[in-house]
Amino acid sequence: MIKNIKIIGYGSCTPSNVVTNHDLSEIIDTTDEWISKRTGIKERRISKGESTSSLAIAAAKKALNVAGITAAELDLIIVATSTPDCFFPSTGCIVQSEIGAINATSFDLAGACTGFVYATDVAIQYLKTGRFKRALVIGAEVMSKIIDWNDRGTAILFGDGAGAIVITTTDEKKITEVYTKSDGTKSEVLKLPAVPIIDMYDNVKVIDRSIMTMNGQEVFKFACNVIIETIDELISKSNIKLEDVDYIVLHQANSRIIEYVSNKVNINIEKFFMNLDKYGNTSAASIPIALDEMYGKNMLKSGQKLMLIGFGGGLTWGGILLEL
Ligand code: ACO
């Protein structure tokens, strides 16, 4: 029983606190010029009290409002996050409770910056089999709580926020292709240990805060390669040409990665939506925040084809080609 899939709602929420590159240069040895030139980022939103779940709840409410359905009509809630408030209850269950999604199955998924693509894929598979009809997929992060503010190579990159979509089955014929991969042998390139780490027999190591580490240059090369791989795989699975895709929404990590890909696949940079200048890298939240911004700008129309591509810790990567 293969069903067609359609996005019917978009929402996002970011903290109101804006931290510019200039603000960062007052606490870190960096400059606006360095950050802008190397990353394209000008500012990011940093939580002042907002939690991953509070951002996720606000994004979810907006997406439901756009979809025009009630929370009780949801069968499934998946929250992609690496920065949950708690391991349990999951952020999904916290969102479920707050919005009143009394009929939903809810859980979190940890796929780092690929989390939203993985979560949307899981939701699509549930919908395609007919098991569920309506799903809320959220990417939500408070990256600021796992950043090493003494490491200028990573601290300047990240921001906080949440984005959400509502997807449903439809009788209309729609393209949906998915490609996902991971490579656990490269786990050291991007790492966020769980805390506290306690070995109760020998080397007791307790750290009070989980800190992300990253080999930036390795991630950069990896990202460029796997984005091209994902574009090629999605196009070869579908009956369309890359030129027929209306927008390619890449995980918002670095404008230089996006420019590299645009040149390599020979597709105008205008087709690659970018808002990382305002939000930095919000990990699993970056793609749904971008989608909500595109929706708000009236850029999304029925029949358009979108490619969503994520990459990140694990290492993980993947993409979804879908028709609006
Ligand atoms: N301000 C000023 N100077 C800096 C800063 C900074 N914030 N950070 C590093 N530098 C310096 C370095 O110390 C180095 O100085 P040196 O030449 O005197 O040794 C110089 O700038 C160059 O440093 P590189 O690390 O080589 O800079 P690079 O051009 O590689 O840019 C960056 C670093 C921006 C991190 C880049 O590698 C990148 O964007 N990588 C991808 C990261 C990414 O996308 N991560 C997200 C992954 S998704 C996930 O799952 C979390």
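Two strands are taken to pair if DSSP finds at least two bridges between them, and helices (H or I, at least four residues) and strands (E, at least two) are DSSP runs numbered from the N terminus. The structure is a predicted model, in which local features need pLDDT of at least 70 and side-chain atom pairs count only at pLDDT 80 or more, whereas totals for chains, interfaces and linings use all residues. Residues are numbered from 1 along each chain as its sequence is written, and side-chain values use heavy atoms, with hydrogens and water left out.

With these conventions, an open sheet of four strands is found in the order E8-E13-E12-E11, with mixed pairing. Its edge strands are E8 (176–182) and E11 (247–250), each of which pairs on one side only, and the twist averages 10 degrees from one strand to the next; angles run from 0 to 180 degrees between N-to-C directions, the axes being lines fitted to C-alpha atoms, for helices over the stretch in contact. Strands E12 and E13 (residues 316–323) run antiparallel and are joined by eight bridges, and Leu-308 has Ile-320 in E13 as its bridge partner. Helix H5 packs on this sheet, touching E8, E12 and E13, with its direction at about 130 degrees to that of E8, where contact means heavy atoms within 4.5 Å. Helix H7 lies across E8, E11, E12 and E13 and runs at about 145 degrees to E12.

A further open sheet, of five strands, has the order E1-E7-E6-E4-E5 and mixed pairing. Strands E1 (4–13) and E5 (105–109) stand at the edges with a single partner strand each, so one side of each is left without a neighbour in the sheet. Nine bridges pair E1 with E7 (residues 160–170) in the antiparallel sense, and the bridge partner of Gly-9 in E7 is Val-166. Helix H5 (residues 115–129) also packs on this sheet, touching E1, E4 (76–80), E5, E6 and E7.

Around the ligand there are 26 residues, of which Thr-30, Arg-38, Cys-113, Gln-217 and Asn-254 come nearest; a residue is near if one of its heavy atoms lies within 4 Å. The largest share of this shell, four residues, comes from H7. An oxygen atom of the ligand is 2.6 Å from an N or O atom in the side chain of Asn-254, and an oxygen atom of the ligand is 3.0 Å from such an atom of Arg-152, a polar contact being a pair of N or O atoms within 3.5 Å.

Definitions and conventions:
A polar contact is a pair of N or O atoms within 3.5 Å; within protein, one must be able to donate a hydrogen and the other to accept it, and residues adjacent in sequence count only if both atoms are side-chain atoms.
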